[in-house]
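Please keep the sequence and the model in view while reading.

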Amino acid sequence: MKRKLTALAAAGVVLLGFGAVSASAAFANFSVITSNVTVTGNTAVATASISASVREQVEEYKVCVNPYSGGALDFSKRTNVYINTSAEGGTSYTSASKTFANGTYQYAPCVLNDGVWYVLGGTPYKTFTVPQTTPPPGSVTFTENSLSATVNGTSVTVNGNIKASSSVTVQEVGIFATHTDGTVYDIAKQTNVVVPTTGLALTGTMTVKPGTYTYALFVGYNNTWPDMPDKSFTVSGTTPPPTSRAPVGNLPGWTQNMVQDFDTAASTGTGTGSFMRTYENSWRPYDDAGIYWPRALINAHDGMMDINLDGDRGAAGVFGPPDRAWGHLYGRYSIRFKAVDAEGNGTAMMVWPASDYWSDGEIDFPEGPLDGYFNIYHHPTPCDDDDGDPIPHCGSSDSLTNIATFEDWHVATTEWTPTSVKYYVDGALVKTVTHDIPNTHHRWTIQVAPDRSNAQPGHLLIDWVTSYTYTP
C-alpha cells in the first residue's frame, strides 16, 4: 500500500500582511527584518531577526519549515520571549543545527502569540536546499522486517521494523492505517531519520473510530514513496472500562443527592433495557427532535455512558435525581468525561435556567470542541435600573479558555452557592467568580452536537457523574 503526501493545512495560522488578522493582532503586528538558513552537508542552521509594532511577549519564536506542516520540520524554538520594536532593533534568533533529507524546503520566521501562529512575510517563502549526499532513490530499496497491530477497545497499537539496502536519511517513515471510509491515521511517524541496513523499529498507539482498516509501513525518500505490503485489523468500537469510580459521601456544606457509575449495560431506544429506562433516576433526556436525538444515540457499556455521535445528530438532557433534575437552587456537580474522535462536534455542559431565560444566568463548564480544548464561560445576569426594572445582560461575563483537551480523561466540578461559583479540574480549583451569581432555579444540562457541516462520527464517553445539594 502506497502512502501519498497530503496537502498542507493552514488552520489556526495567520499570514501577516495577507487577509484578515485575528483580534490578538490588534495589539501587535510583526515584521521580518532578516532571515537566512545556512546549509552544511545535510545539516542546517537558521537565523532571523523580527520586530513588533509594540513590544510583545510571545509564547514561541522560531523559523518554520514548509509552513503549516505541523512543526515536524521546524527549527528549534525560543519560548516566552519578548519581540522588540524596530526602533529597539528587533529580536534576533539563531537555531540549533538540524539534519534534513536532501531536497528543497520553504522557510519563514513564525511566532505563537495568544494561541495563534503568525507566519511572517507572506508568500512566496524563501527556500534552502540540502544537496544530494545519499544514494539516489533508484539504488535504495526498503524491506519490511515485521509489522503487527494489537487492538484494545478503540485503541490500536502498531509495531513494525523497516530496513534499507543502504543506510539513508529519509524524509518520513512510519506506520499508517486507512479506514474503509478513507480516513487516514499516522499511528507511528518519524521525520528526518536514518533507516539503517539492520532495521529501524517503529511503534505507536492511537485511539481510532470503529471499523476495518488496512495498515502498512510507509517511507518517503527523496520525494518517492515506495509500495509496502499491507495488512488489516478491525476495531469493534468498545472501550475498556475506566479505572475511576465516582466519589461517594457528603462533603462539608454539600449533601450528595445522586451518584452514577453507569455499571449496568443499556441500549439505545425507549424500551426495557434502554438507557432512558435504566437510568431514569439520574438522567432525563430531551425529546428526540431537531439536532438532539438522545434516545437514538445514548447507550451504556463497560461502565460508561456513551453518546455515540453519528456526524449528523447530537444528544441532550439533564442529570440529577427526579425531584431536582429539571430545577433546583444551588448545587455541586462533578463529571468525568473523554471524547474519542468526534472531530467537528462540540459540547456545552452547563447550569442552565429552569425558566429558559438566558438572562437568569448561565454557567457553561466544560464547553468547547470535542477535538480541542474545553473552556469556562460564566455569563452575566441582569441588574436593575433606577426604577427597579431589570436590565438584561447588565453584568459582566467571565471566562477561562484552553484549559485541557477533551481527548484525555478529566473531571470537571462546578460549585454554585449564593455568593460564588467555583470551577475545578481534576480536583484543582482553576477559577472563582463572585459576580453575576444566578439566584433562580437552574438545571444541570449537557448538550452535544455537530458544530460544522463535515462533523465526523465519534463518542463522548462519561465515566461517572455525581451531584450535591447545598447545605451550609
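Predicted model: local features only at pLDDT ≥ 70, side-chain atom pairs only at ≥ 80, totals over all residues.

**Disulfide and salt bridges**

The torsion about the S-S bond of C64 and C110 is about 80 degrees, so the disulfide is right-handed. It joins distant parts of the chain, with C64 in strand β4 (residues 56-65) and C110 in strand β8 (residues 103-113), 46 residues apart.

**The disulfide**

- The count of disulfides comes to one, and the sulfur atoms of C64 and C110, which form it, are 1.9 Å apart.
- C64 counts as buried because its relative accessibility is 7%, under the cut-off of 20%.
- C110 is buried as well, with a relative accessible area of 0%.

**The salt bridge between K77 and E60**

- The count of salt bridges comes to eleven, and one of them is formed by the side chains of K77 and E60, with a distance of 3.4 Å from N to O.
- This pair links distant parts of the chain, since K77 is placed in the loop between β4 and β5 (78-83) and E60 in strand β4, the two being 17 residues apart.
- K77 is partly exposed, with a relative accessible area of 49%, whereas E60 is buried, with a relative accessible area of 15%.

**The salt bridge between E172 and K189**

- E172 and K189 also form a salt bridge, in which the closest N and O atoms are 3.3 Å apart.
- Because E172 lies in strand β13 (residues 168-179) and K189 in strand β14 (residues 184-195), the pair ties together parts that are 17 residues apart in sequence.
- E172 counts as buried at 15% relative accessibility, while K189 is partly exposed, with a relative accessible area of 40%.

- D261 counts as buried, its relative accessibility being 10%.
- A network of salt bridges links R245, D261 and D263.

Conventions. Residues numbered from 1 in each chain as written. Heavy atoms only, no water. Disulfide = S-S within 2.5 Å. Helix = DSSP H or I, 4+ residues; strand = E, 2+ residues; numbered from the N terminus. Buried < 20%, exposed > 50% of the residue type's maximum accessible area, 1.4 Å probe, protein only. Salt bridge = Lys/Arg side-chain N within 4 Å of Asp/Glu carboxyl O.
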